[in-house]
There are 2 protein chains.
Amino acid sequence: MGLLVVGSVAIDSVETPFGKVKDALGGSATYISIAASYFTVPIRLVGVVGGDFPKEHVRLLEDRQIDLDGLQVVKDGKTFRWGGRYHYDLNVRDTLYTDLNVFEKFNPVIPEGFKKSAYVCLGNIDPVLQLQVLESLNKPRLVVGDTMNYWIESKPRELAKTLKAMDMLVLNESEARLLTNEPNLIKAAKKIIAMGPKIIIIKKGEHGALLVTLETIFSAPAYPLENIYDPTGAGDTFAGGLIGWLARTDDLSGENLKRAVIYGSTLASFCVEKFSVDGLKDLTYLQIQDRYRSFMQLSRFDER
Amino acid sequence: MGLLVVGSVAIDSVETPFGKVKDALGGSATYISIAASYFTVPIRLVGVVGGDFPKEHVRLLEDRQIDLDGLQVVKDGKTFRWGGRYHYDLNVRDTLYTDLNVFEKFNPVIPEGFKKSAYVCLGNIDPVLQLQVLESLNKPRLVVGDTMNYWIESKPRELAKTLKAMDMLVLNESEARLLTNEPNLIKAAKKIIAMGPKIIIIKKGEHGALLVTLETIFSAPAYPLENIYDPTGAGDTFAGGLIGWLARTDDLSGENLKRAVIYGSTLASFCVEKFSVDGLKDLTYLQIQDRYRSFMQLSRFDER
């Protein structure tokens, strides 16, 4: 069936109080694809990089069996570069620079062989491009999308149109509140359901995630890590683990959506334990299963 | 065995975007006692009010089988009064006034008949008074305490001494971070364990609660309410439900602590559905059990 991932591929430089990394692999499509690759193959990545994109990054993606036929390379351009610095409280970060470079004119052309992908994950790009991608596809079974404050504020009408074409929206709590002008997250989720996507996942960082559909509300904890080295990419990794699991199982029941949220949380917990994609690139399926079971321990209680 | 509750008894006036209430029953000892009264009797309340304290409030407490032998009445004084206004985002509130009145000179004298209470819950009062109470007691089985930013900042040494005498500390996430100067909540909890109390409960409001001991970490969700009318007292109600359940079962095992956290969350969820103590005063045990089971639904997922 295949999973199509569209989004940014970037070169990140990140500092946290616990270390730093320079010119590391980053970008939403990167994190989504690597996380999903533990559950399903092939992953079909559509993105754009410049001639400066390091070969080792290409090799890492290929090693995870990510099909790069849709990765455009603009030879005389530079790759999207982002630099950020996290505070001691990792919830606070400063963006040092955002050089869009070739990503500024990104036109996500979907290769013919990718158009029948049953599962689609749209990273946080312009909603106009998200819709353009969806219109070129051949009836996907599930379309999951992300968005961000910038698009909510600058392209509300375009975003509204794109939302109608999504089955699931994954966004963080401040985005959910901004999109709906509603502080109560459950009400906010239901307002978003009325806008189009029938499955809403609200990411709450260190507080876990909420899954809301018309039938189900599920509250997932975050994994209680004492040592978080780099939160970059955690949200995209969450989305990747989630859709990867759904693509693997091809089961959109409420119970399986819950499992998918926990698998997303599981992958995100590995992501933040190291810099860039280092926490994600060499996992074993056994490690993932072990941590999934730790999540059960973490939130389980019984009757009495 | 009995449960001793020491704290404030107040007259609150509260406005939220969804309504308001004037001269309503409030105070930490009030919320803790009423919540706990669904699980165990007698509840022994120690607090202070003025001659203006309405008879109907006394009646309400007595109807919940709360023993008021320790409620001092300063005939020519006025009861502690608090006024607050919540914003549309209920996480934000303005305090309109805090008139301590008779509570300013509160000296919590424990009646002889209360000194053998096996379970003790100390609401958020001066840590010097908390310790004074504990020193007058006859070996309680479990001492649960609360504190707040004000005491953490103004009486750090006194608080440190009192913490050594507590078995369990219930505090909110900003207090945990302030007390330990540690943004990571798991690390913060472990730092607090090193200060004295071996069981730490971090309240996270709409994000639920964390239970941390040296052996267990448990993440409890918040109940996904769409209509919250008044968050006042939710934290104290949580503590009351929690210690009430522990006193009822007299079981301090990890599994039972988890249940206690969920019972605390259950009572808190009823609290915020109405103004003042209106959501708490007429519950049935069946309603409580039903909501406890809803909490199971909310966070349960299975293996696959």
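How many bridges join strand β8 of chain A to strand β9 of chain A, and in which direction do the two strands run? The legends below take up this question first, and they refer throughout to a predicted model.

**Figure 1. The nine-stranded sheet of chain A, with a helix packed on it.** Strand β8 (residues 119-122) and strand β9 (residues 142-146) of chain A are joined by four bridges and run parallel. Within this pair, A:Val120 stands opposite A:Val143 of β9(A). The open sheet to which both strands belong has mixed pairing and the strand order β5-β4-β1-β8-β9-β10-β11-β12-β13 in chain A. At its edges stand β5 (66-74) and β13 of chain A, each of which pairs on one side only, and from one strand to the next the twist averages 15 degrees. Helix α6 (residues 173-180) of chain A packs on this sheet, where it touches β10 (168-172) and β11 (199-203) of chain A, and the direction of the helix makes about 110 degrees with that of β10(A).

**Figure 2. The four-stranded sheet of chain B.** The twist from one strand to the next averages 15 degrees. Strand β2 (residues 10-16) and strand β6 (residues 80-86) of chain B run parallel and are joined by six bridges, and B:Glu15 has B:Arg85 in β6(B) as its bridge partner.

**Figure 3. Helix α6 of chain B and its surroundings.** Helix α6 (residues 173-180) of chain B has B:Glu175, B:Ala176 and B:Leu179 as buried residues. Seen down the axis of α6(B), these buried residues fall within an arc of 100 degrees, so they line one face of the helix. They pack against α4 (149-154), β10 (168-172), α7 (185-195) and β11 (199-203) of chain B. Just after α6(B) comes B:Asn181, which takes a positive phi of about 55 degrees.

Figure 4. B:Asn172 counts as buried because 20 C-beta neighbours lie inside 10 Å. Leaving aside neighbours within four places in sequence, B:Asn172 is in contact with B:Ile202, B:Lys203 and B:Gly235.

**Figure 5. Helix α3 of chain B and what covers its buried residues.** In helix α3 (residues 127-135) of chain B, the residues B:Pro127, B:Gln130, B:Leu131 and B:Val133 are buried. Viewed down the axis of α3(B), the buried residues fall within an arc of 155 degrees, so they line one face of the helix. Their cover includes β1 (3-6), β8 (119-122), β9 (142-146), α4 and α5 (156-163) of chain B.

**Figure 6. The contact between chain A and chain B.** The contact takes 24 residues from chain A and 25 residues from chain B. On the side of chain A that touches chain B, at least two residues each are supplied by α7 (185-195), β13 (217-220), α9 (254-271) and α10 (285-299) of chain A, and the largest share, four residues, comes from α9(A). By class, this side of chain A has 11 nonpolar, four polar and nine charged residues. Chain A is superposed on chain B (RMSD 0.0 Å) by a rotation of 180 degrees with 0.0 Å of shift along its axis, which is the relation of a two-fold axis. Since 100% of the interface residues of chain A are also interface residues in chain B, the copies meet through the same surface.

Notes. Residues are numbered from 1 along each chain as its sequence is written. Chains are lettered from A and ligands numbered from 1 in the order in which they are written. This is a predicted model: local features need pLDDT of at least 70, side-chain atom pairs count only at pLDDT 80 or more; totals for chains, interfaces and linings use all residues. Two strands pair if DSSP finds at least two bridges between them. Axes are lines fitted to C-alpha atoms, for helices over the stretch in contact, and angles run from 0 to 180 degrees between N-to-C directions. Two residues are in contact if their C-beta atoms, placed from the backbone, lie within 7 Å. Ala, Val, Leu, Ile, Met, Phe, Trp, Tyr, Cys and Pro count as nonpolar, Asp, Glu, Lys and Arg as charged, and the others, Gly among them, as polar. A residue is buried if 20 or more other C-beta atoms lie within 10 Å of its own, exposed if 12 or fewer, and partly exposed in between; C-beta atoms are placed from the backbone. The arc is that of the directions from the helix axis to the C-beta atoms. Copies are superposed by least squares on the C-alpha atoms of residues with pLDDT of at least 70 in both.
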